[in-house]
Amino acid sequence: MRPVTFALSLGLASLPASSLCKASDWSVSYGGNFQHDYSRYSLSGDIDGEADAARRSRVSLKASHASGLELKGEWDFASGTVTDLYVDLPAAGGKLRFGQYKQPFTLDEQGSSRDLALMERSIAHDASTIGRRVGLMWMQPLGSLQLQASGYAGLTEQISGSAGIALRGFSVARPDLQLGVAAAYEQRDDERLRLRARAESRLLPLSPLDLGSFAAVGSNARLGLEAAWLRDSWTVQSEAFTLRGQRPGSDPSGQGAYLQASWLSGGHARSLRDGAVRKPKFEAESLAFELAARISRVDFDLGSAALGAQTQIGFAATVYVGANWQFSAHYGNFEADRSLRVSRPGEYSGHFTAVRAQYGF
């Protein structure tokens, strides 16, 4: 936590003390996102069951200064961890962020979990994401583009776990279309790379395609492409990625993509903001529903040898009740082909039906 605390202190020190002490220059807001899931599943090998659990229980606090300085902290009681803890500083027409935050890689990662059209992000996202790390990021508009460059080194709980850089650029010329590209390079102290694609429900007792961690992987590189198109109540988005680890002998690698579409009732529409797809803000008397579908595919290889692949389809329906409540149902079906590295190689399939109650403010 010490590097994050130092970063926050440095942000505050950049402003005159007299300005920081002036209460009228500050505004404070708070928020929360609480999700509870229930799922029934059927997996190959006559594994049937049901489960329920809190998916997220997050509380956040944000303080904004008239100068443009912003501080944010968020804690997830469900996982018992810090999620966001960072400070934003305006500088030279751009913004400097340091602390723990989402790294600028993949469109789906940048959006809030409260804005998802389906209950979970895709298996392609799960296989390629970097997630949150402690680091320093520069965000700069450049004509019709927005550029993000970040250097990072582990998590608040494990600062020395890894070090890397992530770069992302996306178009901001049109409010209904976003195209982007991202790249990342990482070196890990433990020299391991895990290849995994979990099913799009965290309540399943296993991951259909989990090949474990590959040792002696000194570094890995990732490349991602993204696109989002909005038209009235329709939203279509897609991403593709490739991932490769560097080690003596054959390199472990992965690639994948997803295509997703959603439709909102009542003339409501999603929007593109801050490089992510956001759901609309509903009024207290609102009642709307959303239908969504997605197909995803992930392939893992070791050199020229195929290690495994997974294809997943999902359908979801969400009802938005007022400004704070939403209720979702998600059906998922997956087919996986697993290599000899796992305990039960061969074809593996399953399906699940999940529901979620969510309250956010």
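Predicted model: local features only at pLDDT ≥ 70, side-chain atom pairs only at ≥ 80, totals over all residues.
Residues are numbered from 1 along each chain as its sequence is written, and side-chain values use heavy atoms, with hydrogens and water left out. Local features need pLDDT of at least 70 and side-chain atom pairs count only at pLDDT 80 or more, while totals for chains, interfaces and linings use all residues.

Me: How many aromatic pairs are there?
Reply: Rings of Phe, Tyr and Trp (its six-membered ring) pair if their centres lie within 6.5 Å. Planes under 30 degrees apart count as stacked, over 60 as edge-to-face and the rest as tilted. By this rule the number of aromatic pairs is nine.

Me: Is the pair of F282 and Y320 stacked or tilted?
Reply: The ring centres of F282 and Y320 are 4.6 Å apart. The angle between their planes is 20 degrees, which makes the pair stacked.

Me: How many residues apart in sequence are the parts that F282 and Y320 tie together?
Reply: Helices (H or I, at least four residues) and strands (E, at least two) are DSSP runs, numbered from the N terminus. F282 lies in the loop between β16 (276-278) and β17 (287-302), and Y320 lies in strand β18 (residues 305-321). The pair therefore ties together parts whose separation in sequence is 38 residues.

Me: Is F282 buried or exposed, and what of Y320?
Reply: Buried means under 20% relative accessible area, exposed over 50%, partly exposed in between (1.4 Å probe, protein chains only). F282 has a relative accessibility of 9% and so counts as buried. Y320, with a relative accessible area of 2%, is also buried.

Me: Which strands hold W325 and Y359?
Reply: W325 and Y359 form a tilted aromatic pair, 4.9 Å centre to centre with 55 degrees between the planes. W325 is partly exposed at 41% relative accessible area, and Y359 is partly exposed at 30%. The two residues are 34 apart and link distant parts of the chain, W325 being in strand β19 (residues 325-338) and Y359 in strand β20 (residues 346-360).

Me: Over which ring does the charged end of R97 sit?
Reply: A charge sits over a ring if NZ of Lys or CZ of Arg is within 6 Å of the ring centre and within 35 degrees of the ring normal. For R97 the distance to the ring centre is 4.1 Å, and the ring is that of Y86.

Me: Which residues lie nearest the centre of the largest pocket?
Reply: On a 1 Å grid over the protein atoms alone, a cavity is a set of points where a 1.4 Å probe fits but cannot get out, and a pocket is an open set with protein on both sides within 12 Å along at least five of seven lines; lining residues have an atom within 4 Å of a point. Grid points are joined across faces, edges and corners, and a volume is the space filled by probe spheres set on the points. The largest pocket has a volume of about 1600 Å³. It is lined by 50 residues, and those nearest its centre are K72, S112, D115, R273 and R278.

Me: How many charged residues are in the lining of the second largest pocket?
Reply: Ala, Val, Leu, Ile, Met, Phe, Trp, Tyr, Cys and Pro count as nonpolar, Asp, Glu, Lys and Arg as charged, and the others, Gly among them, as polar. The second largest pocket holds about 1400 Å³ of space. Its lining has ten nonpolar and 15 polar residues, and the charged ones number 22.

Me: Which element gives the most to the lining of the largest cavity?
Reply: The largest cavity has about 180 Å³ of space. Of its 19 lining residues, D108, D115, L116, Q237 and V277 are the closest to its centre. Elements giving two or more residues are α3 (107-110), β13, β14 (252-264) and β16. The most, three residues, come from β14.
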